[in-house]
Each structure stands twice: as C-alpha cells, then as structure tokens.
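Let's take a walk through one protein model and stop at a few spots along the way. Keep the 3D view open while you read.

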Amino acid sequence: MSKITTVQQHILDQERLHPEATGDFTQLLTSLIVAAKIISREVNKAGLVKILGETDNINVHGEVVMKLDEFAQSTIYRTMGSCGHLCVMASEESEDIIPIPDGGRRGKYVLMFDPLDGSSNIDVNASIGTIFSIHRKITDQEDGSEIDCLQPGYKQLAGGYFIYGSSTMMVYTTGNGVHGFTLDPSLGEFLLSHESITTPARGKIYSINEGNITKWDPGTRRYIDCLKEDCKDKGHPYSLRYIGSLVADFHRNLLKGGIFLYPGPKGKLRLLYEAAPLAMVAEHAGGAASTGEMRILDVQPTSLHQKVPLIIGSREDVAEYEKFYKEAMVSAAD
C-alpha cells in the first residue's frame with residue numbers, strides 16, 4: 001500500500017533537511033495553501049453563484065478585471081497580509097507594491113503572485129490557476145520595498161502554482177525537486193500525487209497562439225514550420241495544443257513534454273508573476289525557460305510589470321527554438 005502524504009507533511013519533511021530552519025517559511029507556505037483552498041472553493045461553485053462575469057474595473061494592463069480576479073486578489077491579500085511572515089507583496093493586478101496591513105507583524109519574505117491566471121477562461125469552464133513566487137527580503141527596513149520585489153528569478157526561494165481544473169492541484173519547488181499535490185475535497189487536504197516530477201527532454205506538443213503569426217519574428221516562424229514537418233528523426237510533426245491559460249498549457253507540457261511559446265519582440269507575459277516562477281519549476285523538473293536569447297531566471301527585473309518573451313518546456317525543445325531564433329537574428333544582421 002502506498003504511503004499517503006499531505007502537503008503539510010511534505011513541507012515539514014523538506015524543512016527537516018535544513019536544521020537551521022525556523023519554521024517561518026513552512027508557515028508561509030501553509031498560509032498560501034489556505035488561500036488557494038478558498039479560491040478553489042469559489043472557482044468550483046462559480047457557475048452556481050452570481051460571481052461570473054466582468055466588473056467595471058480595468059487593471060494596470062488595460063484589461064477588464066473579472067469578479068473572480070478580485071476575489072482571488074482579496075483572498076490572498078487578507079490571508080497572507082496577516083500571516084506574519086511577509087514584508088511586502090506584489091501582484092499582477094496591482095499597479096504598485098502591496099504593503100503589509102497596519103498593525104500586521106512583518107516577516108523576512110516577499111510574495112509575488114498572479115491571483116488568477118487565465119481568468120478570461122472562467123466563463124467557459126477551462127482550467128485556470130494561481131502562480132506564486134517567494135523571495136527573501138534584501139533591504140534593511142522592516143517594511144519591504146520595490147527593491148525587494150525586483151530580484152532576478154535565480155534568487156527565488158520557491159516558485160509554483162495552483163491549477164483549478166477537473167481537480168485542484170498544487171505544484172511547487174523550493175529547489176529540491178518539483179512535487180505535485182491533488183486536493184481531496186472530502187478531506188480538505190492536498191495529497192502527494194506527483195512526486196519528483198521530471199519533464200521529458202523532448203516532447204511532441206507545441207503551444208502557441210497562431211493567431212499572432214503576423215507578429216512573429218522570422219526565427220519563430222521557421223521553428224513552427226519545422227515542428228509541422230514530418231522530420232521523424234526529431235520526433236516531428238508536433239501536435240498543437242493551446243488552451244490560452246498559461247498555467248493549463250504549462251502544466252500539461254510539464255507532465256507530457258513539449259514547448260510553450262509566447263515570443264517577442266517584447267512579449268506579453270509578466271516576468272515576476274508568471275515567467276520567473278514557472279521557469280523555476282521548469283528547470284528543477286529538468287526543463288528550460290528562455291526569452292529566445294537568454295535564460296529567464298537570469299533576467300534582471302527593472303519594473304514590477306515588466307513583460308518578457310517566454311519559451312518554456314522540454315530542455316531539447318527550448319534549445320532547438322533558441323537555435324532557430326539566433327540563426328534568424330544573425331541572418332537579419334548580415
């Protein structure tokens with residue numbers, strides 16, 4: 001009989017690997033899990049209550065805010081702002097940093113999050129998710145600042161996501177493997193279901209919005225054309241699978257292998273809230289994440305809502321894309 005392991009047990013086991021640990025980080029993750037359970041509950045009953053649809057608000061990116069976006073943002077803020085382990089937060093839905101509420105105890109960690117990725121899919125019942133990134137505070141003041149948030153991805157202490165689909169899952173890494181947990185609603189517990197996830201070195205799936213083909217650079221066009229050709233020595237042709245929810249597309253490719261592409265020139269996806277945490281997960285599962293020119297985790301953030309191209313997935317697929325991209329850049333320069 002296989003052992004039943006809850007996410008709390010698993011986090012505590014990871015903590016024991018670090019004798020110097022104080023337990024603060026474990027409690028921080030536990031609070032985040034509580035917030036995700038609350039969001040999952042609302043997502044699962046969204047069709048039964050009048051929570052679907054748009055609000056009258058526009059976020060910092062000029063996008064209409066969905067009602068569940070607001071609920072997820074508020075839930076994470078209320079749960080994490082009072083947990084006592086954070087010095088500052090930042091969210092895709094907030095223009096500026098999010099201070100810890102007055103009277104709340106300050107901690108030594110920084111939380112960046114996308115409260116509800118893929119929320120445009122809510123009304124059609126497609127998978128959506130919450131993405132998170134955790135850093136250690138680097139400034140000396142009790143309250144965190146924007147400087148604490150603008151750290152490169154390789155300095156992350158943890159990165160991961162919750163995906164709300166046919167079941168609710170948590171996938172995360174603290175640098176010691178990538179592990180997945182599935183929520184048992186009857187118990188209210190996340191149980192270990194995917195231990196030590198390893199993404200295949202090469203996949204058979206590509207995920208890209210082909211509606212943007214006229215905006216692609218020459219290297220991306222040539223790469224996608226190659227994926228469609230019958231090059232059996234490379235495992236081609238690939239199958240197109242694109243949901244339009246980053247968490248859902250990434251999660252599928254993480255498990256099955258493949259590549260997700262949202263190419264430049266400037267990209268659409270946010271470095272701090274989407275690209276960096278998923279890049280950490282991808283790398284620790286044996287995959288890779290790139291802008292086409294450089295490793296995502298090496299990109300130095302310059303603003304809270306900086307956008308980057310994102311090429312992420314199986315290691316060999318990402319490397320092959322980089323080859324096409326760089327060859328096209330050299331050819332254009334000649």
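Which strand does His-179 lie in? Look for S9, the strand that covers residues 178-184. Keep in mind that this is a predicted model.

So is His-179 buried or exposed? With a relative accessible area of 6%, His-179 is buried, because anything under 20% counts that way. Its side chain has a polar atom that lies 3.2 Å from the backbone oxygen of Asn-176. Now ignore the neighbours within four places in sequence: His-179 is still in contact with several residues, including His-10, Met-170, Tyr-172, His-194 and Ser-196.

Two of those contacts deserve a visit of their own. Let's take Ser-196 to begin with. You'll find Ser-196 in the loop between strand S10 (189-194) and strand S11 (205-207). Its relative accessibility is 44%, so Ser-196 counts as partly exposed. Most residues other than glycine have a negative phi, and most peptide bonds are trans.

What kind of peptide bond joins Gly-264 and Pro-265? The bond is cis, with omega at about 15°. Pro-265 sits in the loop between strand S13 (259-262) and strand S14 (269-270).

How many aromatic pairs does a search of the whole structure find? The count is nine, and here are two of them:

| Pair | Distance between ring centres | Angle between planes | Type |
|---|---|---|---|
| Tyr-172 and Phe-181 | 6.1 Å | 35° | tilted |
| Tyr-321 and Tyr-325 | 6.0 Å | 25° | stacked |

Why is the Tyr-321 and Tyr-325 pair called stacked? Its planes are at 25°, and planes under 30 degrees apart count as stacked, so that's the label the pair gets. Tyr-172 and Phe-181 have their planes at 35°, so their pair is tilted.

How exposed are these rings' residues? Tyr-172 is buried, with a relative accessible area of 2%, and Phe-181 is buried too, at 0%. In the other pair, Tyr-321 is buried at 1%, while Tyr-325 has 12% relative accessibility and also counts as buried.

Tyr-321 and Tyr-325 both belong to helix H8 (residues 315-333). They are four residues apart, so about one helical turn separates them. They're also part of one aromatic cluster, together with Tyr-223 and Phe-324.

Terms used:
Residues are numbered from 1 along each chain as its sequence is written. This is a predicted model: local features need pLDDT of at least 70, side-chain atom pairs count only at pLDDT 80 or more; totals for chains, interfaces and linings use all residues. Side-chain values use heavy atoms; hydrogens and water are left out. Helices (H or I, at least four residues) and strands (E, at least two) are DSSP runs, numbered from the N terminus. Buried means under 20% relative accessible area, exposed over 50%, partly exposed in between (1.4 Å probe, protein chains only). A polar contact is a pair of N or O atoms within 3.5 Å; within protein, one must be able to donate a hydrogen and the other to accept it, and residues adjacent in sequence count only if both atoms are side-chain atoms. Contact means heavy atoms within 4.5 Å. Rings of Phe, Tyr and Trp (its six-membered ring) pair if their centres lie within 6.5 Å; planes under 30 degrees apart count as stacked, over 60 as edge-to-face and the rest as tilted.
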